[in-house]
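Subject: Handover of a structure for your study

Dear colleague,

Please find the structure below, together with its sequence. I would ask you to keep it open beside this message while you read.

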Amino acid sequence: MSAWDTIKTAFFGGLTFLFFFVIWIYNPFVHHTEYEVPSQMEEIINDPKAAVEGRELFKTMCASCHSVRYDGMYLMSVASKPEFKKILDSFGTLIRIDEKTKEKVMFLPRDVYEAIAMNDLLMLKSSFGKIPPDLSTMYLSRGEGYLYNFILKPQEVLPGTSMPAVMTGQEENTAKIVAYLKSVSEPSKGEKVKRTIMGILVIGYFIAMGFLLWIWRKKLLANMGYGH
Amino acid sequence: MLGKIVDWIDERAKVRDLYQTQMVDYKVPKNLTFPYVFGVLALITFAIQVISGIILLMYYKPIIAHAFDSANYTIMKEIPFAWLFRHMHAAGANFFLAVVYLHMFTGIYYTAYKKPRELTWIVGWVIFFVLLLTALSGYLLPWGQLSYWGMVVTTEIPTSLKDAPVLKGLFGAIGETVSIWMKGGFTLGDIALGRFFGLHVLFLPLTLMALLGIHLYLVRAAGISNPDGVEIDKKKEGVPFHPYMTLKEGAFAMGYLALFFYFVFFNMHHFLPADNFEPADPLKTPPHIAPEWYLLAFYEIFRSIPSKFWGFIAFNLALVFLLILPFLDFSPVKSARKRPLFFAMFVVLVISTMALTILGLMPPTPTNAKLGLFFAAGFFLFFLSLPVISFLEWGWYKAKGGQE
Ligand code: HEM
């Protein structure tokens, strides 16, 4: 390759790499809002045991307004309706069996759930101006920093929000609730390790195959008299 | 045993002949450069999309009440390994468009669209266009906030016709009709979701498959182009496609798959964006709606032109210019290696396209709008300069004693 070829290759290759880095990995041209989480709280958020406690806390502190349907957590007022258990049995699918209570945790399709919860949801809407959202995927859409700060001080993070400040001064419990929401969205630790190993194996396999093909090709071409 | 089976088939289907003529006797230039691999990579990505798409299809439900949950609960949490296929499908869509763009830029750089390959280029353009529609319709399916509002913005683009300088009423009515027709009503609902689902999983992939077949046939019919811009005598100079090319591109393809699976396993935050994990809410407009990155250059051209009507015309023109590229460039000389003026304009094109894409993600401040206009001009300048460059090159070509 001549010097000019090298320059061209470096220019186009570098530009392409830079471009995809900006759009796919880190874009310095758009504003990213960062939310601080104190490091002890971060530890709690990452602790699976805290997530179990967080679930209980959620039931008492949040389930009067919010459901987490992906974890079989429904509005208190709906879950206590006499017909609710029948509805779960007829329309629900099993998520898991609860370790402590040995009860079935069931997933209900959204339309079935909203039909039976309609009055309760509308009541919440008339008090707060909007229906408090289901929190199943909130961890994925907002991230833990936002959730921790919002749940602790809703007005500071989202001025004008109708969500009441129910956790004021309870940093640790807030972190536990975030840990719970995280556990609903993220795979368990064991599953994550499996996925990481699987990823490394797959990537390693393709790299190894690439090298083998290359070496094989060299040998083959040398035998056929093609040089490189 | 295996040999006997092949013999049996060969006697009836003549597969050995096919292999000999299509793989070994088929000769390609020895000096093909790395970017020639992008076509093969696109083919591999198509296979990835079809396989992962079929798996997703088994669990996805195209009704508003269930779409979001089927993607985010059933696929991501309930069915073992379905997450892997969703990751592959979402990353694959992005890789597909990236590879197709790189493939197109390679074609432009080596002016591979010139005679006898105009048809190959045109069919390739149609593939690109159908691919954009496929990605657009697929993006609606998970029915998240970005899916919903992205489609709202897209289906409103034709209404910019009502800003026409003349015949406002007529243009407005056409735009409005097209927009309603795209949505299947005044709002996006189950009808739109069902339509886009049908297009996405059946019609568009089948169309793509047919187009790919035609594209590949045309590539074979014209022979592969040459980075030096001179057609080789394939009988004397070429090297056999197999094993010379197949193993080289196979090795690159393995590297590509390694990169692809790095994203699939470890870096999905861009391909499954956070905002789309919020269910679609027609009453809550998200603060920032931008199309996916592969549409941003066109979107930025549309957005930075102050009149919506002319913006609409301009971004359609951008697509049309790409389509008629082989006819804008009628120079007798091939490949940027041999064409210094063309090389310079190619650099302008690459930088303008990248800048437009990045600007498309930024807030539309007055400075950004001006920059957008500047780079849109750069984009169009490439196409408009081609006839001029071709004219000059004909002059040089003749002066050197070249023949028609
Ligand atoms: C040909 C190229 C294709 C492209 C560029 C493409 C693109 C996309 C995109 C961008 C999404 C949204 C991804 C997400 O956020 O989850 C999607 C979803 C989907 N695609 Fe495709 N697709 C292609 C082919 C196919 C094929 C061949 C099938 C089935 C036969 C298919 C079935 C689906 C289904 C069922 C979904 C919804 C599931 C989900 O959102 O996770 N796709 N596609």
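In which loop of chain B is the place of B:Pro116? B:Pro116 belongs to the loop between α5 and α6 of chain B. Helices here are DSSP runs of H or I with at least four residues, and strands are runs of E with at least two, numbered from the N terminus.

Before going further, please note that this is a predicted model, in which local features need pLDDT of at least 70 and side-chain atom pairs count only at pLDDT 80 or more, while totals for chains, interfaces and linings use all residues. Residues are numbered from 1 along each chain as its sequence is written, chains are lettered from A and ligands numbered from 1 in the order in which they are written, and side-chain values use heavy atoms, with hydrogens and water left out.

Backbone features

The peptide bond that leads from B:Lys115 to B:Pro116 is cis, and its omega is near 5 degrees. A further cis peptide bond links B:His242 to B:Pro243, with omega about 5 degrees. B:Pro243 is part of helix α10 of chain B, which covers residues 241–266.

The loop between α5 and α6 of chain B also holds B:Thr111. The phi angle of B:Thr111 is near 40 degrees, a positive value in a residue other than glycine. B:Thr111 counts as buried because its relative accessibility is 1%; buried means under 20% relative accessible area, exposed means over 50%, and partly exposed lies in between, with a 1.4 Å probe and protein chains only. B:Lys14 has a positive phi as well, near 55 degrees. B:Lys14 sits in the loop between α1 (2–13) and α2 (15–24) of chain B, and its relative accessibility of 46% makes it partly exposed.

The surroundings of the ligand

How many residues surround the ligand? There are 24, and the closest are B:Arg86, B:His89, B:Gly138, B:Pro142 and B:His200. A residue is near a molecule or strand if one of its heavy atoms lies within 4 Å of it. Four helices of chain B, namely α3 (38–59), α5 (82–109), α6 (118–140) and α9 (190–222), each supply at least two residues of this shell. The largest share, 7 residues, comes from α3(B).

By class, the shell has 17 nonpolar, 6 polar and 1 charged residues. In this scheme Ala, Val, Leu, Ile, Met, Phe, Trp, Tyr, Cys and Pro count as nonpolar, Asp, Glu, Lys and Arg as charged, and the others, Gly among them, as polar.

Particular atoms of the ligand can also be paired with side chains. An N or O atom in the side chain of B:Arg86 is 2.9 Å from an oxygen atom of the ligand. For B:His89, an N or O atom of the side chain is 2.7 Å from a nitrogen atom of the ligand. For B:His200, the distance from a side-chain N or O atom to a nitrogen atom of the ligand is 2.7 Å.

Aromatic rings and charges

Over all chains, the whole structure contains 64 aromatic pairs. Rings of Phe, Tyr and Trp (its six-membered ring) pair if their centres lie within 6.5 Å; planes under 30 degrees apart count as stacked, over 60 as edge-to-face and the rest as tilted. The rings of A:Phe12 and B:Phe343 have centres 6.0 Å apart and planes at 75 degrees, so this pair is edge-to-face. The pair crosses between chains, from helix α1 (residues 3–25) of chain A, which holds A:Phe12, to helix α14 (residues 340–360) of chain B, which holds B:Phe343. Both A:Phe12 and B:Phe343 are buried.

B:Tyr109 and B:Phe346 also form an edge-to-face pair, at 5.1 Å centre to centre and 70 degrees between the planes. Because B:Tyr109 lies in helix α5 and B:Phe346 in helix α14 of chain B, the pair ties together parts that are 237 residues apart in sequence.

Charges meet rings too. The charged end of A:Arg195 sits over the ring of B:Trp83, 3.8 Å from its centre, and that of A:Arg217 sits over the ring of B:Tyr244, 4.7 Å from its centre. This requires NZ of Lys or CZ of Arg within 6 Å of the ring centre and within 35 degrees of the ring normal.

Yours sincerely

Note on methods:
A polar contact is a pair of N or O atoms within 3.5 Å; within protein, one must be able to donate a hydrogen and the other to accept it, and residues adjacent in sequence count only if both atoms are side-chain atoms.
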